[in-house]
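Trainee: I would like to learn how to read a few features of a protein model. Could we take them one at a time?

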Amino acid sequence: MRLQRAARVILVGAPGVGKGTQSERLLHRFPQLSSISSGDLLRHNVKQRTPLGIKVESTMKTGGLVPDDLILRLISNELNQRGWIYADHPSATVLTLAASAVGDAQQHQQNDTELSAFLSSPAHARRDFGAQPPQINDDPSASFLLDGFPRTAAQAERLDDIVPINLVVSLRTPLAVIMERISGRWVHEPSGRVYNTSFNAPRVPGRDDETGEPLVRRADDSEEVYRARWKKFAETSEPLLEHYAKKGVLWEVEGLSSDEISPKLFGEFEKRFVG
């Protein structure tokens, strides 16, 4: 289905609510949509051994938080590179500080110098595009789902300076239903394939359909761990959703399953960006 207006969308939902499923279905139904993942952008920098990637690699490996300013810069650079936002500020053209693999101390020093310049640019401390807000490309081809950011109201306020989000979807499923899903979830670790004994069971219990290899439970798929994640999500998401509600772009949808939610989500999408 073809979009008639640019969609700049964020999906918000507790772990296990089905954000990934809804994202995949939206991308399939609306081919003009693209997915922009802050995690993917970071991993790309690490893989390419850019100065930024080298600096954040240890933080990512230990599960630490990468500073918001770096995430915002990566997102704005990606949007600018795709031609979805425009700016005349010179720093807007700096993409990922691409560099070859570090081979000696001199290269290390050069990378540190480049990264210092990157972090101390006017965009780092305020907006990615200096004093003037960026111009927005409203062509339907400039439509995207932003994944992984923002997670807090403070991050959302910073993102507002870069690009105006025009739809935030709050996905809601009762906690008891999600707990039931998690209790039946099994994973084939080498491929990442996920099964569930309730609605997507493997053909042979405990075995991957493709390889026959054993399935495992994730360490964080315990009730105690999940309830802690749910509590943390609720604490941070409430002010985030309130931020977008004040801007008039929040839409909430509730369902017991992804199949129940998807038709409602498609209908809202079509009303806002197709009809």
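Trainee: Is serine 23 buried or exposed, or something in between?

Mentor: Keep in mind that this is a predicted model. Buried means under 20% relative accessible area, and exposed means over 50%. Serine 23 has a relative accessible area of 21%, so this residue is partly exposed.

Trainee: Where is serine 23 found, and with which residues is serine 23 in contact, leaving aside its neighbours within four places in sequence?

Mentor: Serine 23 belongs to helix H1, residues 19-29. With those sequence neighbours set aside, serine 23 touches Leu11 and Leu145. As for serine 34, the C-alpha to C-alpha distance from serine 23 is 9.8 Å, at a separation of 11 residues in sequence.

Trainee: What describes two packed helices?

Mentor: The angle between their axes and the distance between the axes. Here, helix H2 (residues 38-47) packs with helix H4 (residues 68-81) at about 95°, and their axes are 10 Å apart. Angles from 65 to 115 degrees count as roughly perpendicular, so H2 and H4 are roughly perpendicular to each other.

Trainee: Which residues in H2 and H4 meet?

Mentor: Ser38, Leu41, Leu42 and Asn45 come from H2, while Ile71, Leu74, Ile75 and Glu78 come from H4. By class, this contact has 5 nonpolar, 2 polar and 1 charged residues.

Trainee: How much space lies in the second largest pocket, and which residues are closest to its centre?

Mentor: The second largest pocket holds about 230 Å³. It is lined by 16 residues, with Ser170, Leu171, Arg172, Phe233 and Ser237 closest to the centre. Helix H9 gives the most to this lining, 6 residues. By class, the lining has 9 nonpolar, 4 polar and 3 charged residues.

How values were computed. Residues are numbered from 1 along each chain as its sequence is written. This is a predicted model: local features need pLDDT of at least 70, side-chain atom pairs count only at pLDDT 80 or more; totals for chains, interfaces and linings use all residues. Side-chain values use heavy atoms; hydrogens and water are left out. Axes are lines fitted to C-alpha atoms, for helices over the stretch in contact, and angles run from 0 to 180 degrees between N-to-C directions. Helices (H or I, at least four residues) and strands (E, at least two) are DSSP runs, numbered from the N terminus. Angles under 35 degrees count as roughly parallel, over 145 as roughly antiparallel, 65 to 115 as roughly perpendicular and the rest as oblique. Contact means heavy atoms within 4.5 Å. Ala, Val, Leu, Ile, Met, Phe, Trp, Tyr, Cys and Pro count as nonpolar, Asp, Glu, Lys and Arg as charged, and the others, Gly among them, as polar. Buried means under 20% relative accessible area, exposed over 50%, partly exposed in between (1.4 Å probe, protein chains only). On a 1 Å grid over the protein atoms alone, a cavity is a set of points where a 1.4 Å probe fits but cannot get out, and a pocket is an open set with protein on both sides within 12 Å along at least five of seven lines; lining residues have an atom within 4 Å of a point. Grid points are joined across faces, edges and corners, and a volume is the space filled by probe spheres set on the points.
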